[in-house]
Amino acid sequence: MTSYVLPPAPVSAVPVVGGGLFPVRRIFCVGRNYAEHVREMGGDPTREEPFFFTKPADAIVTGGADAPYPPGTSDLHHEMELVVAIGKGGVDIAEANALNHVFGYAAGLDMTRRDLQAAAKKAGRPWDMAKGFDASAPIGEIVQVATSGHPASGVIELRVNGQARQSSDLAKMIWNIPETIAYLSGLVRLEAGDLIMTGTPEGVAAVVKGDVLEGTIAGVGSVRTRIV
Ligand code: MN
């Protein structure tokens, strides 16, 4: 019998409202999905094809735990986002059928080393170290579709130390949830356990050690972490 030569890594998992753990397989993230955020980043929000980057599954931070300020940056930014939890896999999923693949939703933070991202953009290099670092994906509890429905609108907001930083509405997403699932499933086979971070609205800004981040999405839930 063949056995592992090292202990396998533990499964990353997100608590589900009401009990249980959602095992995370992969984390996909949508870039530039709110027009005002595209503008604040110096871009043109003309509806272009969506693009994606990823984070490792073990980048999640759950249960309101602290997130360490990462090395290699002096410009760590918050990006408050709606997270889609995939419950049923598929490839070339039709928009009309896309929501049947969703297990639930959560509030999440796409933490970003903005200085490394800017340097990568300028040099035409990958974003991995700007986006996929350790503890770069704080996430709140997942609420199941039976409770939340499929949120197409509603306030998405983030407070830092109690002060409003980001506030927008899910309805302002350039690519909505069915469109995003359909498009992404044309590039990779989605599987149960995948998470999709759907992009951030405007108001992204730097955080420092000691800051407390609290984000809420109407009808979905909240995410909290402290930078240490
Ligand atoms: Mn983002």
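Trainee: What radius of gyration would a compact globule with 228 residues have, and what does the protein have?

Mentor: This is a predicted model. For 228 residues the rule gives a value near 17 Å, and the protein has 17 Å, so the two agree. The C-alpha atoms fill a box of roughly 45 × 45 × 40 Å along the principal axes.

Trainee: How many of the residues count as buried?

Mentor: Buried means under 20% relative accessible area. Of the 228 residues, 48% count as buried. The accessible surface comes to about 10,600 Å². Carbon and sulfur atoms hold 53% of that surface.

Trainee: Which share of the contacts comes from residues 24 or more positions apart?

Mentor: Contact means heavy atoms within 4.5 Å. Take the contacts with a separation of 6 or more: residues 24 or more positions apart account for 77% of them.

Trainee: How many helices and strands are there?

Mentor: The protein has five helices and 16 strands.

Trainee: In what order do the four strands of the open sheet run?

Mentor: Two strands pair if there are at least two bridges between them. Here the order is 13-12-15-16, with antiparallel pairing. Strand 13 (163–169) and strand 16 (221–226) are the edge strands, each pairing on one side only. On average, neighbouring strands of this sheet are turned by 10° against each other, direction ignored.

Trainee: How many bridges join strand 12 to strand 13?

Mentor: Six bridges join strand 12 (residues 155–160) to strand 13, and the two run antiparallel. Look at Arg-159: its bridge partner in strand 13 is Ala-164.

How values were computed
Residues are numbered from 1 along each chain as its sequence is written. This is a predicted model: local features need pLDDT of at least 70, side-chain atom pairs count only at pLDDT 80 or more; totals for chains, interfaces and linings use all residues. Side-chain values use heavy atoms; hydrogens and water are left out. Axes are lines fitted to C-alpha atoms, for helices over the stretch in contact, and angles run from 0 to 180 degrees between N-to-C directions. The radius of gyration is taken over C-alpha atoms; the globule rule is 2.2 Å times the number of residues to the power 0.38. Buried means under 20% relative accessible area, exposed over 50%, partly exposed in between (1.4 Å probe, protein chains only). Accessible areas come from the Shrake-Rupley method with a 1.4 Å probe; for residues, only the protein chains shown count as cover.
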